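The sequence and the structure are shown first.

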Amino acid sequence: MDTNSLETRQDNPGDNKQVIYRAATELADLLARGELTAKEVMRAHLDRIADVNPEIKAICTLLPEEDALALAEDADQRRASGASIGPLHGLPIAVKDLSSTRGMRTTMGSPIFKDHIPTEDALLVQRLKAAGALVIGKTNTPEFGVGSHTFNRIFGITRNPYDTSKSAGGSSGGAAAALACGMLPLADGSDMGGSLRNPAAFCNVVGFRPSMGRVPAWPNVMAWQSRLGIEGPMARSVEDCALLLSVLAGPDERDPMSIQGDPQQFRQDLSYDFSKARLGWTPDLGLLPVASEIVDTCAATLPHWRDCGFDIDNDCPNMAGAMESFEVLRASFYAQIAGPLLAEHRHEMKDTLIQNIESGLNLTATDITRADAHRTQLYQNILRFFDTHDFLILPSTQVAPFPVEHEWVEEIAGIPQNSYLDWMSICCIITLFGLPAISIPCGFTKAGLPVGLQIVGRPRADLDVLRAAYALEQATAYGKRRPAL
């Protein structure tokens, strides 16, 4: 193993410690200027993975070292040759284990697919590779992405880098944990009930759920009915998140909901004058139990918002019945994509997945259309709210990271949670409306566990949400605190 190029002064950008926590935008700039090589960047991240991944279990599949270094060497040669390169050229990335990667194991976190090797890349992976990113592996996820605690019977539990006895969240828990402890400079994730926002909050990183269709999905077995899930970016900063979104976004005719619009818009300066912009703040959507330490930490950001020029009131749309509609539409989705596997593979599925599938199989057409109609009615409430507000802000989670031995949170503030979805409701409800929503670090509990704040924007106002998140990030800098690993 050649490490000579890394045995340099502490201020040399090629030093491992200098590399692994650098912003992706900075790494890309250093690579473009020739002050850092892709091989140095790869070497630093592979070393970090070797150091901490055995404990954290964030990356579940990894290329052999020689293959990963060969990718980096090829990237360096392409740059030296003057070939056209993309904005992520030379940056390593591991893809969430729900997205197909050609020639690389894709398990869906399920024993059913433990040996599955796709023959084609998902669109998200195609765009990453076209932008020059070096795909070195996969990040851990619960079975079929079900649940906001990342564990499965193939790879085990992904642990929180800030306290390894606690959950990293999910279902993009592997991605969030890998970012938090410097194993990757960028990560992708997906989000149906909060799977970008929840783990980002638990791991003190940024997770952005874009507008429905902003990042087109292909392949997608359900492009119309019961569509709730999206793919999107995760990073340690808002600017890095925007950089990755600029690569993943853009229309594709294979996704009938994909949004027309130039993805280059997300590479512009995120600084913005928010004088007199109006925020609605709610600790609980007027519906949900939320732990007091979460509410207090999120509420402590309100003076920062005012300093940034925002007007704030205590207000939110009427969301009554939203969770019931979400549960019906989600169950119908899982009945379609996993129902055919149930008869033969029940013994290989966790109980909560089986329950979700069976709930979906028991639905009637009227159940589904009623849920969709109620979803539409509540969307009108959202639009009326945004007639007088620019953003809605609220906690990203209802609890702090919980012990890894617990599959899901069964009680919040003395109120029992009746299913594995209930404790995630504060994200699930926002999901229902396809709005852009980001989780940004906003502080820590007394025990030193991260807390995230959720910022929700108007329909298709993705850039505005990134700008608002950037304003708070610059005012607080909570995201710069690193785990002691």
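The model is predicted; local features need pLDDT of at least 70 and side-chain atom pairs pLDDT 80 or more, while totals for chains, interfaces and linings use all residues. Residues are numbered from 1 along each chain as its sequence is written, and side-chain values use heavy atoms, without hydrogens and water.

H13 spans residues 365-388, and its 24 residues reach 36 Å from first to last C-alpha, close to the expected 34 Å (1.5 Å times one less than the number of residues). Helices (H or I, at least four residues) and strands (E, at least two) are DSSP runs numbered from the N terminus.

H11 (residues 322-345) also packs against H12 (residues 351-361), at about 105° with axes 7 Å apart. H11 is therefore roughly perpendicular to H12 (65 to 115 degrees). Contact (heavy atoms within 4.5 Å) involves residues including Tyr334 and Leu342 of H11 and Ile357 and Leu361 of H12.

## Strand S3

In S3 (residues 134-139), six of six residues are buried. Its pairings (at least two DSSP bridges) are tabulated below.

| Partner of S3 | Sense | Bridges |
|---|---|---|
| S1 (residues 59-62) | antiparallel | three |
| S2 (residues 92-96) | parallel | five |

Thr61 has Lys138 of S3 as its bridge partner, and Ala94 stands opposite Gly137 in S3.

How values were computed. Axes fitted to C-alpha atoms, helices over the stretch in contact; angles between N-to-C directions. Parallel < 35°, antiparallel > 145°, perpendicular 65-115°, else oblique. Buried < 20%, exposed > 50% of the residue type's maximum accessible area, 1.4 Å probe, protein only.
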